[in-house]
Structure formats: structure tokens, C-alpha cells
Amino acid sequence: MEYFVQQLINGVALGSIYGLIAIGYTMVYGIIGMINFAHGDIFMVGAFVALITFLVLVAIGVTALPLALFLVLLVAMALTALYGWTVERIAYRPLRRSFRLAPLISAIGMSIILQNYVQIAQGARVKPLPPLITGGYTLFESNDFAVQLSNVQILIIWLTFTLMIAFSWMIAKTRLGRDMRACEQDARMASLVGVDTDRTISLTFVIGAALAAVAGMMYLLYYGVADFYIGFIAGVKAFTAAVLGGIGSLPGAMLGGLLIGLIETFWSAYFSVEYKDVAAFAVLIVVLIFLPTGILGRPEIEKV
Amino acid sequence: MTGPLLKIEKLEASYGHVAALKGVDIEVNAGEIVTLIGANGAGKSTLMMSIFGYPRAQAGRILYDGHDITRVPAHEIAKLRIAQVPEGRRIFSRMTVLENLQMGATVGEPTHFPKDIARVFKLFPRLQERINQRGGTLSGGEQQMLAIGRALMARPRLLLLDEPSLGLAPLLVKQIFRAIRELNERDKLTVFLVEQNAFHALKLAHRGYVMVNGAITLSGPARELLERDEVKSAYLEGGRPAA
């Protein structure tokens, strides 16, 4: 029982990170119908920007932890958003009226470019970050097993839920959120009523990248390492999460992220660590066979 | 202002290699209701959408209030107070009636919103009853009212209507056409109306154009067009146009 609760906590923390990345996949899919394969690498860039910002802050003597965390969060979100915007601008927008596969291929190209760029600029070796947030709480203890909730996990779960609430509110209630939904439902009609669809699409990439940056920072704090390749596997997992939850659905992305995190964690805990990725993807296959639109996805209905 | 509010000159457009518009000339003066009639597939809806650049004109010009808008992006055209009720209505189906009307007000002044929405609800009280219902769950007639209401939220100077009568019960068609006349007479709204329902459209309009195969074949005061034999046989008595 104690072991189970511990894995539950670990799974939710990991799933939060996947969920934040999955939102970027699902938003972009919803609005322009493409899978942004470079999104995982945007997450990786976010982790690196966070790492570099931490080191710079330490070098200039900003050591108060809450302040440093807040600054790193802001810088990582801003710079990574700029990367997201740039990728859309140079690799996808010129192909907007091209055939459907063109932006997809371009996205794979951007993914390779970002990986190689970071590899060359930062080196291929794994970059460590000394644990900044230490300690935690022992929730309960018995049979020689203590259930721990670390401060990093608290931060990750709290930050994810805060961001998701803010983000859902933004989509449901603000002008920008309404414009984004309009573009998703009928981009041409949205432009007829005066929505600048190119700008709305750009902002979608900016927001998706900013959320991925938060995920990147949390990954860095949680695992204490980053390298140029972390975006690939995390990206594929988050993409799986988005499909599992129902691609195009925002609550689906959050739910899918949590599920993938939990599946992976429990499989590692009870079966084998080596096959944790196999477990996550096997669940995806099963879901796609029986629920092709994902858990919360809508079936494609012909508009009348 | 001198000259017509909307002037389309020798407009040509195509889908791929298929020519859809072959040098169309149309003028709409401020304060008028002008209708464009023609058979299915004649290019009427293409003309309507090409005003917003879908598809872009390959030759010819579109002038609005004397300015060339042929290459202006669609969302900038909306800011010039041209609103469209497009073919198939294109309601945002997963948005509520209120949200659809808010979308219509995208180019409007936020301070005008309460007054404008009250005006739409006065014109179509049905929409007020359905304010929190999703657009996709409305009936065809209600969706048409919503599409018109959404267009009116922009406080248009020029209203483009594409087949507002399509698929509606006769009583509803009457109601919609009465609303259009009211907007024209009371608010001096200029209307450009595309219709297959030639009889109703010509009764409502001041002037009319007949389109066959992507070209204008006839034009003149609506009353005269109603009397023309070609129009009668082709569009009013169930006959087919001699293409």
C-alpha cells in the first residue's frame, strides 16, 4: 500500500510534465491540423534555457531560491516562446497552402535542426544541475517504507495545476481564446469576421512553447540533468498522451499526460524499468484500436 | 462619396484549372439592395467569396468605396465594415449563440456591443431564447438568423448574403427577407444578395444581375428582370437556363 501511494505521487509528478507538453501538440493539431514534431525539441530548448539562466543567476549572485525560480521561469518561457514562434514562422507558415504532408516533413526537419544546434552549441554530454530544491515531507510510514512527497514534486504538481486552470480559463473566457477556438472550428469564417488567423496561429505556437518551457524547467529540477536528446523521448511520450486523451482536446491532453505518467511509473515499479516505454506505447495501441478518437476526443462529424 | 460602394471590374478567378468567374462586372450603390441570381454552379458563391480573396482574383479589380481591395487580406476587409453571411451559414458550431455574436463583433467597438446585441435580439427574438445554446444544435432557420445576426454585429456598411433562403420553410424565408428589407429601409444598409430563389430576390431588390457559367448575361432594375422572358423561363417557372 505504501509503495503504491509512493508510485502514485511519482506518476502524477511525471504525468504533469507530459501533460504540459501534450497541450502544445493538441493545440497546434486543433488549429492547423498538423503534428508539430519539433515540439519535443522545443521542450528540450526550454530545459536548456532554464539551465543556462540558473547558472547565470548563480554567477551574478542571485541566490534567493524563490526569486531565482521565478526569474528562470519567466526567462525560459519568454525565450522558448520565441523559438516556438520562429519555428512556425519559417518552417510552417510558408507551407500553409501546400499539401498536408509538407509541414509535417518540415517539422521533422526542424526537430533535427534544433537537436543538432543544441548539441553543437552546448556539447553532447549530459549537463547536470545540482539539486536546488531539496527536502520534502514524509506522509506516512510503516513496514519500513516511508511515503515521501518531495518539495520538487509539490512544486511540479502545484505549478502544473495552476497553469492548467489559468490556461483553460484563457481558452474559455478571453478574446484570444475565443479567436483560437474560432480558427480551430472554421478558420476561413474566422477571417471573414475579422480575425487575423496567421497571428492567432502564431500565438498558439507561442503559448504551446511557453508551456513546454515550464515542463522543461520542471524536468530539469526533477531529474537534475539535461541533454540535447531529452526532447525526443519526452516529445513522443507527450504526443502519445495527446493522442490517448483525444488529439485536439485540451482536457484530453491533461488527462492523457497524467495517464501516461502513471502507466510508466507503475510499470517500472511493479514489472520492469526496461520495458516502461513499451508499456506506455502498448496502452496507446490498445486505446487506438478500441477508441480511435482517444478518451475525450470527438469523432469527426461532417458539418452540414 | 462618388461612385458605387462596391465595384467589381472584369473579375476572373478559378479553382485550379477550372475557370469559375470569366470577367464579371457588378456595381452596388450605397443604400441599394442588389441581387445576383443564377443556377446552381453558375459561380455566384465564388464571386461572393472572391470579394474576401477566396479564391484570389487572377484578373480584374474589386473596388470598395473607391479603394482597391483586390489583394487585401480577408481580416482587413472585415475591418472595412463588409460583413458576409456565407454559403452554408458557417456558424461556429461548438460555440454558443452569444459567442458567435461576439465573434461577429470582432471588428466592432466594445462599447457598442450591448446596443448591437440588443438590436439583433429585437430583429430575431428567437436568438435571445437560445443565447447559451451551441450553434450546432440550432435549427436551420435559427442558424440562418444567427449568421445574419453575427454579420450585423460588425455594424456593416455592406452586407453580403449568400442564399439566406436555402433549405428554409416558406414562412421563415418571408421573415428573413422582411428583416433584410427592414435593415435596408431603416438603417440604410447596403445589401448584395445572392439567390437561387429568383422570384423572392427580385421582388426584394432594387437591381439585379443574372449569372450563367461565370459570366453576367443580364442586368437591370429588378422589376424589369422579373418581366423578362429569359428570366421567367429560366428561373421563375422551373425551367433550366439555356447555357
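Predicted model: local features only at pLDDT ≥ 70, side-chain atom pairs only at ≥ 80, totals over all residues.
Colleague: How many bridges join β4(B) to β5(B)?

Modeller: There are 2 bridges between β4(B) and β5(B), which run antiparallel, and two strands pair if DSSP finds at least two bridges between them. The two strands form a hairpin with 2 residues between them, and B:Asp65 there takes a positive phi near 55°.

Colleague: What order do the 4 strands of the open sheet take?

Modeller: The order is β2-β1-β4-β5 in chain B, with antiparallel pairing, and the edge strands, each pairing on one side only, are β2 (18–28) and β5.

Colleague: And how many bridges join β1(B) to β2(B)?

Modeller: These antiparallel strands are joined by 8 bridges, among them the one that makes B:Val18 the partner of B:Tyr15 and the one that makes B:Val28 the partner of B:Leu6. β1(B) and β2(B) also form a hairpin with 2 residues between them, where B:Gly16 in the turn has a positive phi of about 60°. On to β4(B): β1(B) pairs with β4(B) over 5 bridges, again in the antiparallel sense, and B:Ile8 has B:Ile62 as its bridge partner there.

Colleague: New topic: how many residues does the contact take from chain B, and how many from chain A?

Modeller: Chain B gives 21 residues and chain A gives 14 residues, where two residues are in contact if their C-beta atoms, placed from the backbone, lie within 7 Å. On the side of chain B that touches chain A, the elements giving two or more residues are α2 (74–79) and α3 (97–104) of chain B.

Colleague: What about the core, which residues have the most contacts inside the largest one?

Modeller: The largest nonpolar core has 162 residues, and those with the most contacts inside it are A:Ile21, A:Ala47, A:Ala215, A:Met217 and B:Leu160. Such a core is a set of buried Ala, Val, Leu, Ile, Met, Phe, Trp, Tyr and Cys residues joined through C-beta atoms within 7 Å, and a residue is buried if 20 or more other C-beta atoms lie within 10 Å of its own, exposed if 12 or fewer, and partly exposed in between. Helix α7 (residues 197–223) of chain A gives the most to this core, with 16 residues. Not counting residues up to four places away in sequence, A:Ile21 touches several residues, including A:His39, A:Phe43 and A:Ala215.

Colleague: What is the mean pLDDT of chain B?

Modeller: The mean for chain B is 91, and 96% of its residues reach 70 or more; pLDDT is the predictor's confidence in each residue, from 0 to 100. Over residues 239–243 of chain B, however, the pLDDT is below 50. For the model itself, the scores are ipTM 0.92 and pTM 0.91.

Colleague: Last one, how many helices and strands does chain B have?

Modeller: Chain B comes to 10 helices and 10 strands, and 45% of its 243 residues count as buried.

How values were computed: Residues numbered from 1 in each chain as written. Chains lettered and ligands numbered in written order.
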